[in-house]
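Me: Please take a close look at a single part of this model: the place where the two chains meet. I would like one connected account.

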2 protein chains.
Amino acid sequence: MAGVHPGTASRAMNPDMEHLVNEATARRVRHAAEQLGYVPNSLARSLKTSRTQSLGALVPDIANPLFPPILRGIEDVAAEAGFNVLIANTDDDPERERRQVASLRARQVDGLILASARRADPVVLALVAAGVPVVLVNRVEPVLCVPGVAGDDTDGIRQAVAHLHALGHRRIAHLAGPAGTPTGAARLDAFRRETAALGLDAAGCPVALAASYRTEEGARCTAELLDSAPGFTALLAANDLLALGCFETLAARGLRCPEDLSVVGFNDMPFVDRLTPSLTTVRVPQYDCGAQAARLLLSRLSAPVPADETAESVLLPLSLVVRRSTGPVRAGEAVPAR
Amino acid sequence: MAGVHPGTASRAMNPDMEHLVNEATARRVRHAAEQLGYVPNSLARSLKTSRTQSLGALVPDIANPLFPPILRGIEDVAAEAGFNVLIANTDDDPERERRQVASLRARQVDGLILASARRADPVVLALVAAGVPVVLVNRVEPVLCVPGVAGDDTDGIRQAVAHLHALGHRRIAHLAGPAGTPTGAARLDAFRRETAALGLDAAGCPVALAASYRTEEGARCTAELLDSAPGFTALLAANDLLALGCFETLAARGLRCPEDLSVVGFNDMPFVDRLTPSLTTVRVPQYDCGAQAARLLLSRLSAPVPADETAESVLLPLSLVVRRSTGPVRAGEAVPAR
DNA sequence: GTGAAAGCGCTAACAC
DNA sequence: GTGTTAGCGCTTTCAC
């Protein structure tokens, strides 16, 4: 319609090549495109250039409130660089994860951000072996030698334990996350180290292992702890959803929080500040995690890192947000220091 | 590697064409593919077939808890049919919406699901004019003549008003959603009709118009209502987030819910059952909305509907969930004028 | 049952 | 500054 060769039209429509074309011609082409409602076919473009300008993002479940802020962080950074993001849910199911990764690879994403990594995740290993640029977020596993962005779990747990200790608690239980997740394992490790470092009696600091990061699991494990190892005055949950489950069990048994039990969560999910009692929790900057992970991946795309270079992971600082679910231990319940 | 022509390999790898190829040959091809870690390039396939097996989904903001369940519904149905979903955020910004639609079209999505439609949305009209299969969800606008799936807002408001009326409330305020959104407009309309039908005095049923579906807006508008038209004993918010804002203002002014003011929300967002007081609200089956919308779109893709056929919209039944934020009006007691 | 060949819409060398 | 050409990886009609 502009009376030019397709090649010229292509140049006129591409901001990076526009300078190669006569200003008047370019205007004519753009005008024709506008008239025709022409939208360049990015599939064809990608087939030619073998870059799709799109990233894949894998999350366990988009409906889990932890992940939308991360995804939003990824999207915003990606959009700024002209990248789209394809989101897929794994439901923490390895088989589904495998299928989703295959689908994203078939769609030729330029790189992948995984919020769904499990410990020694074979899918991640395969991806790395295949040379696909990958960055982990939230769940970072150093053993995998994949760069990632996450909160500094160890320090977060340290702050939470220190807070409870300062309130006089000496018997602190831990509601640990699934052993298969890097976060669950790291937080449990940190919990054991920190309580030991403060000289707390290991027997007074029982641990329950949740099978998943779900409210019902939190409720079940809390009940289990109360039944099998009573006597603790505070409970540190590896995740806010688990803490919500704890609230449920306490309510069901007529126990009050924080009077009977102080509860600390992890993540600072949206709306946990509006619960009663409002949840004391370790704030993880999810949006920033996502944004940083996207930046890390984009930088690796534009400047590929040699295989022998060590994968650098970023640990974002966390801060404890003290609210109403934690309080001083009751005098009668304080365990005498030995 | 299998020693066959690419065309044969293609047939062997495609479940629908597999019957055209010798079983032994097919096995050989699949084995070679496995060995090589071969993943078919769906870009090239799509370029040839001009179907991408992907849908676009536009939401105002993925971090708004209303939308993840809808997206999950879409994804699950799409996945079952072998479709991927590309998600994009509009932030309710028409310009951003335009760009996102262009990007999705450039990626040749086979159809679009919009949760972000505004009233008489020009982007939607342009899409329809261009013959792109479109389905609306949540925000459905009959005027646009686009099929959609949403809750039956009119009936939802009816139930909420009837509930408050049954509790003795005769002065009910409405915190209306943005006039630019179909949901805001429909709920306001229904509110006016229902209160009138019950013979309530219009002057005793003041309305505040929120500029956006955000907590802060809800807080601001509640304050405005309390200041300008005190005397109402119940407040019906067009959306749970607005209701949360209402809670904030009540707390700030030392007013109790439901003793001083009964509050009803809309949507039944995740976690509003855990607030104090737990929120009485109209439950919208978000997941089902998304799932139905996806089904509707997929059916239109496989059996295109002639242009002259009327767009059929689906209204899902809603139900009021009565919790603790509503209670009987106390005789002679009204919200104290400041 | 398999091979041959054309072409989806675009871009990037290369001419001129 | 613009036209020409080849080809990205795949599918599909048509031969045989």
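**The interface of chain A and chain B**

Reply: Chain A and chain B share 19 residue pairs in polar contact, with both residues at pLDDT 80 or more. That threshold applies because this is a predicted model, in which side-chain atom pairs count only at pLDDT 80 or more.

Start with the chain A side. Five elements of chain A each supply at least two residues to the side that touches chain B: helix H3 (42-49), helix H4 (67-80), strand E2 (84-89), helix H5 (94-106) and helix H10 (240-252). By residue class, this side of chain A divides into 20 nonpolar, twelve polar and ten charged.

Now the extent. Chain A gives 42 residues to the contact, and chain B gives 42 residues. Between them the chains bury about 3,700 Å². Carbon and sulfur atoms account for 55% of that area.

Next, the charged pairs. Side chains of opposite charge can pair when their charged atoms come close. Eight salt bridges are found across the interface of chain A and chain B. Over all chains, the count is 44 salt bridges.

Two pairs deserve a look. In one, the side chain of A:Asp61 meets that of B:Arg72, at 2.7 Å from N to O. In another salt bridge, A:Arg72 meets B:Asp91, at 2.8 Å from N to O. This pair crosses between chains: A:Arg72 lies in helix H4 of chain A, while B:Asp91 lies in the loop between strand E2 (84-89) and helix H5 (94-106) of chain B.

In chain A, look at A:Asp91. A:Asp91 is found in the loop between E2 and H5 of chain A. The phi angle of A:Asp91 is near 55°, a positive value in a residue other than glycine.

Rolling a probe the size of a water molecule over the atoms shows where empty space is left. The model has four cavities of 30 Å³ or more. The largest cavity has a volume of about 200 Å³. Its lining counts 14 residues, and the closest to its centre are A:Leu43, A:Leu86, A:Arg107, B:Leu43 and B:Arg107. H3 of chain A and helix H3 (42-49) of chain B each supply at least two residues of the lining. The lining residues divide into four nonpolar, eight polar and two charged.

To trace this on screen, begin with helix H3 of chain A. H3 supplies at least two residues to the side that touches chain B, and also at least two to the lining of the largest cavity.

Notes:
Residues are numbered from 1 along each chain as its sequence is written. Chains are lettered from A and ligands numbered from 1 in the order in which they are written. This is a predicted model: local features need pLDDT of at least 70, side-chain atom pairs count only at pLDDT 80 or more; totals for chains, interfaces and linings use all residues. Side-chain values use heavy atoms; hydrogens and water are left out. Contact means heavy atoms within 4.5 Å. Buried area is the accessible area (1.4 Å probe) that two parts lose on being put together, summed over both. A salt bridge is a side-chain nitrogen of Lys or Arg within 4 Å of a carboxyl oxygen of Asp or Glu. A polar contact is a pair of N or O atoms within 3.5 Å; within protein, one must be able to donate a hydrogen and the other to accept it, and residues adjacent in sequence count only if both atoms are side-chain atoms. Helices (H or I, at least four residues) and strands (E, at least two) are DSSP runs, numbered from the N terminus. Ala, Val, Leu, Ile, Met, Phe, Trp, Tyr, Cys and Pro count as nonpolar, Asp, Glu, Lys and Arg as charged, and the others, Gly among them, as polar. On a 1 Å grid over the protein atoms alone, a cavity is a set of points where a 1.4 Å probe fits but cannot get out, and a pocket is an open set with protein on both sides within 12 Å along at least five of seven lines; lining residues have an atom within 4 Å of a point. Grid points are joined across faces, edges and corners, and a volume is the space filled by probe spheres set on the points.
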